[in-house]
Amino acid sequence: MVSGKSLKDAVKKSADKLAKNAAKGAETMKKATVGKYSNSKNLKDHKHCRECGKMISPSTDGLLCKSQECIDKFEKNLKVKKQLRLWMIVLVIAILGGNLFQMGII
Ligand SMILES: [Zn+2]
C-alpha cells in the first residue's frame, strides 16, 4: 500500500511537471507566434524588387528598384512573356481550328 501511494505521488508529481512544461511550451509558442506576426507586419512596410529582390520603398509605384539592369531585365522578361502568350493563343486557335475543321469534314 505504501509503495502504491508513493507511486501515485510520483505519477502526480511528474504529471504536474509535464503540465508546467506544457504551459511553458505554450507560452513560448505564443511568444514566437506573436514575434512572427510583428515581423510580418514590419515586412509589409516595404517591397522587394522583382528582379534582384532588393528592398525598395513601398511608395514606389513600380515593382523594381531604380537600377537600369533590373529595368532592362524586366522589359526583356515582359517581351518574352508577351511572345509566349501570343504563341499560346496561336496554339489554342490552331487546336480549336483543327478540331472545328475536322468536325466540318465529318
Ligand atoms: Zn533590382
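Student: Is Arg 50 buried, exposed or partly exposed, and why?
Tutor: Arg 50 counts as partly exposed because it has 16 C-beta neighbours inside 10 Å. With C-beta atoms placed from the backbone, buried takes 20 or more others within 10 Å, exposed means 12 or fewer, and partly exposed lies in between.

Student: What kind of model is this, and how are residues numbered?
Tutor: This is a predicted model, where local features need pLDDT of at least 70, side-chain atom pairs count only at pLDDT 80 or more, and totals for chains, interfaces and linings use all residues. Residues are numbered from 1 along each chain as its sequence is written.

Student: Where is Arg 50 found?
Tutor: In the loop between strand 1 (47-48) and strand 2 (55-56); strands are DSSP runs of E, at least two residues, numbered from the N terminus.

Student: Which residues does Arg 50 contact beyond four places in sequence?
Tutor: Leu 63, Leu 64 and Phe 74, a contact being backbone-placed C-beta atoms within 7 Å. Arg 50 and Leu 63 sit 5.8 Å apart, C-alpha to C-alpha.

Student: New topic: how much of the protein is buried?
Tutor: 3% of its 106 residues.

Terms used
Helix = DSSP H or I, 4+ residues; strand = E, 2+ residues; numbered from the N terminus. Contact = placed C-beta atoms within 7 Å.
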